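I opened this notebook to record what I looked up in one structure, entry by entry. The overall surface comes before the individual residues.

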Amino acid sequence: TGRNKETLEAAAKELGPNAIALAADATDIAATEAAIRKGADKFGKLDIVFANAGIPGGTPLGSATLEV
């Protein structure tokens, strides 16, 4: 996922037919949830979803909030 449609399309093309590039801003929970649904629809299920949004500092696994 990312916010720039052109770079997403270029990345998906380079990665090949088993890749999916979805426009979504990690700060927009509705867009993130929609991207997760689209990924699950394409691949049947997702084993893990990781949002690397550049949050500084330590947040224990599972305790991050939207506000953080």
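Accessible areas here come from the Shrake-Rupley method with a 1.4 Å probe. I keep in mind throughout that this is a predicted model.

**Entry 1, the whole chain.** I looked up the accessible surface of the protein chain and found about 5,800 Å², of which 55% belongs to carbon and sulfur atoms. Of the 68 residues, 12% count as buried. I then checked secondary structure, and the chain has two helices and zero strands. Among contacts between residues at least 6 apart in sequence, 15% join residues at least 24 apart.

At the N-terminal end I found Asp28 as the cap, with a side-chain oxygen 3.1 Å from the backbone nitrogen of Ala30. Just after the helix, Gly44 takes a positive phi of about 90 degrees.

The C-alpha atoms of Thr1 and Ile20 are separated by 8.6 Å, although the two residues are 19 apart along the chain. Ile20 has its place in the loop between H1 and H2, and at 32% relative accessibility Ile20 counts as partly exposed. I also found Ile20 in a nonpolar surface patch with Ile36, Phe43, Leu46 and Val49, which together have about 380 Å² of accessible area.

How many salt bridges does the structure hold? I found two. In one, the side chains of Asp25 and Arg3 meet at 3.9 Å, N to O; this pair links distant parts of the chain, with Asp25 in the loop between H1 and H2 and Arg3 in the segment before H1, 22 residues apart. Asp25 is partly exposed, with a relative accessible area of 26%, whereas Arg3 is exposed at 70%. I then looked up Asp47 and Lys45, whose side chains meet in a salt bridge at 3.2 Å, N to O, and noted that both of these residues are exposed.

Terms used
Residues numbered from 1 in each chain as written. Predicted model: local features only at pLDDT ≥ 70, side-chain atom pairs only at ≥ 80, totals over all residues. Heavy atoms only, no water. Polar contact = N/O pair within 3.5 Å; in protein donor to acceptor, adjacent residues only side chain to side chain. Helix = DSSP H or I, 4+ residues; strand = E, 2+ residues; numbered from the N terminus. Buried < 20%, exposed > 50% of the residue type's maximum accessible area, 1.4 Å probe, protein only. Contact = heavy atoms within 4.5 Å. Patch = residues over 30% accessible without salt bridge, like charges linked within 9 Å, V, L, I, M, F, W, Y side chains within 5 Å. Salt bridge = Lys/Arg side-chain N within 4 Å of Asp/Glu carboxyl O.
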